Amino acid sequence: MLLLLFLTFSGRAQEGRYEVQTDVNQQFIWHVKALHPDGYTLDVKAFDEDGNIYDVKALEDSNQKYIMEIKAFVRDEQLPVKVLVSEEQFKPVVAIDTKGQVYPIKAITKDGSTLEVRGVRKSGHIVHIKAVAGKETFFGVKAISQKGKLNDIKGIKMYDKRLELNLNGIEVHAHVVALPQIQ
């Protein structure tokens with residue numbers, strides 16, 4: 001395994017010394033898109049209550065490439081993306097900040113309208129996440145690498161209970177990750 005070591009000198013010299021920061025983990029950022037059946041992609045973004053739009057990305061860690069975290073890049077923060085506990089048929093997918101503010105995740109169509117990204121069904125500990133275009137019309141949500149690799153975006157449950165955890169006052173049903181497609 002190739003180990004990359006980045007040295008960063010930070011701050012001023014104090015008594016002839018520099019603080020040296022090392023980072024042995026390299027992250028690769030993948031795009032998150034919804035796939036339309038006509039062969040084009042839709043951007044998947046996080047939205048705040050004022051209508052501001054933020055990127056949603058998959059983060060590949062160089063130490064393990066199987067499970068990738070999905071994060072919303074809101075201002076200077078990387079917010080976790082989760083499936084919420086809900087009585088609705090399709091469960092909301094949102095980013096959650098440290099104050100409990102939620103940012104709905106949506107796909108943007110060619111005409112600028114939005115489609116909600118939701119957990120549409122569950123198979124064991126996997127929640128299938130889709131962009132909902134109609135009562136029975138769903139578009140797959142994928143992570144796409146710079147080299148054209150494609151991973152599925154899924155909700156993962158660690159427990160059999162409906163409530164996975166309470167994150168900053170918000171009830172979470174599943175964690176959202178990107179996984180390699182099953183062959």
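**A chat about a predicted model**

Biologist: Lys 142 and Asp 152 first: buried or exposed?
Modeller: Lys 142 is buried, and Asp 152 is buried as well. Please bear in mind that this is a predicted model.

Biologist: What do Lys 142 and Asp 152 form with each other?
Modeller: They form a salt bridge, with 2.3 Å between the closest N and O atoms. Lys 142 belongs to strand S12 (residues 137-144) and Asp 152 to strand S13, so the pair ties together parts that are 10 residues apart in sequence.

Biologist: How many salt bridges are there in total?
Modeller: The count comes to 9 salt bridges. One of them joins Lys 157 and Glu 164, whose closest N and O atoms are 3.2 Å apart. Both of these residues are buried.

Biologist: And what does Arg 162 pair with?
Modeller: Its side chain meets that of Glu 87 in a salt bridge, at 2.7 Å from N to O. This pair links distant parts of the chain, 75 residues apart. Arg 162 sits in the loop between strand S13 (150-156) and S14, and Glu 87 in the loop between S7 and strand S8 (91-96).

Biologist: Which residues are linked in a network of salt bridges?
Modeller: Glu 88, Glu 116 and Arg 118 are linked in such a network.

Biologist: Let us turn to the whole protein. How many helices and strands does it have?
Modeller: There are 0 helices and 15 strands. Of the 183 residues, 42% are buried. Among contacts between residues at least 6 apart in sequence, 51% join residues at least 24 apart.

Biologist: What is the mean pLDDT?
Modeller: The mean is 86, and 86% of the residues reach 70 or more.

Biologist: Where does pLDDT stay under 50?
Modeller: That is the case over residues 1-22, for which the model has 24 contacts beyond four places in sequence. Where pLDDT is low, the predicted coordinates should not be read in detail.

Biologist: Which residues line the largest cavity?
Modeller: Its lining includes Val 32, Val 44, Val 56, Ile 70, Val 81 and Val 93. Ile 105, Val 117, Ile 129, Val 141, Ile 153 and Val 176 also belong to the lining. By type, the lining residues are 12 nonpolar, no polar and no charged.

Biologist: A backbone matter next. What is the phi of Arg 75?
Modeller: Arg 75 has a positive phi of about 55 degrees, although it is not a glycine. Most residues other than glycine have a negative phi. Arg 75 lies in the loop between strand S6 (64-74) and strand S7 (77-84), and it counts as exposed because its relative accessibility is 57%.

Biologist: And what about the phi of Asn 168?
Modeller: Asn 168 likewise is not a glycine and has a positive phi of about 55 degrees. This residue is in the loop between strand S14 (165-167) and strand S15 (170-180). Its relative accessible area is 36%, so Asn 168 is partly exposed.

Biologist: Where is Ile 144, and which residues does it touch?
Modeller: Ile 144 is in strand S12. Not counting residues up to four places away in sequence, Ile 144 touches Trp 30, His 31, Lys 33, Thr 41, Lys 149 and Leu 150. With 19% relative accessibility, Ile 144 counts as buried. Its C-alpha atom is separated by 9.7 Å from that of Ala 178, 34 residues apart along the chain.

Biologist: Last one: where is His 125?
Modeller: His 125 is in the loop between strand S10 (114-123) and strand S11 (126-134). Its relative accessibility is 35%, so His 125 counts as partly exposed. Neighbours within four places in sequence aside, His 125 is in contact with Gly 155, Ile 156, Lys 157, Met 158, Tyr 159 and Asp 160.

Methods:
Residues numbered from 1 in each chain as written. Predicted model: local features only at pLDDT ≥ 70, side-chain atom pairs only at ≥ 80, totals over all residues. Heavy atoms only, no water. pLDDT = per-residue confidence, 0-100. Contact = heavy atoms within 4.5 Å. Helix = DSSP H or I, 4+ residues; strand = E, 2+ residues; numbered from the N terminus. Buried < 20%, exposed > 50% of the residue type's maximum accessible area, 1.4 Å probe, protein only. Salt bridge = Lys/Arg side-chain N within 4 Å of Asp/Glu carboxyl O. 1 Å grid on protein atoms, 1.4 Å probe; cavity = no way out; pocket = protein on both sides within 12 Å on 5 of 7 lines; lining within 4 Å. Nonpolar A, V, L, I, M, F, W, Y, C, P; charged D, E, K, R; others polar.
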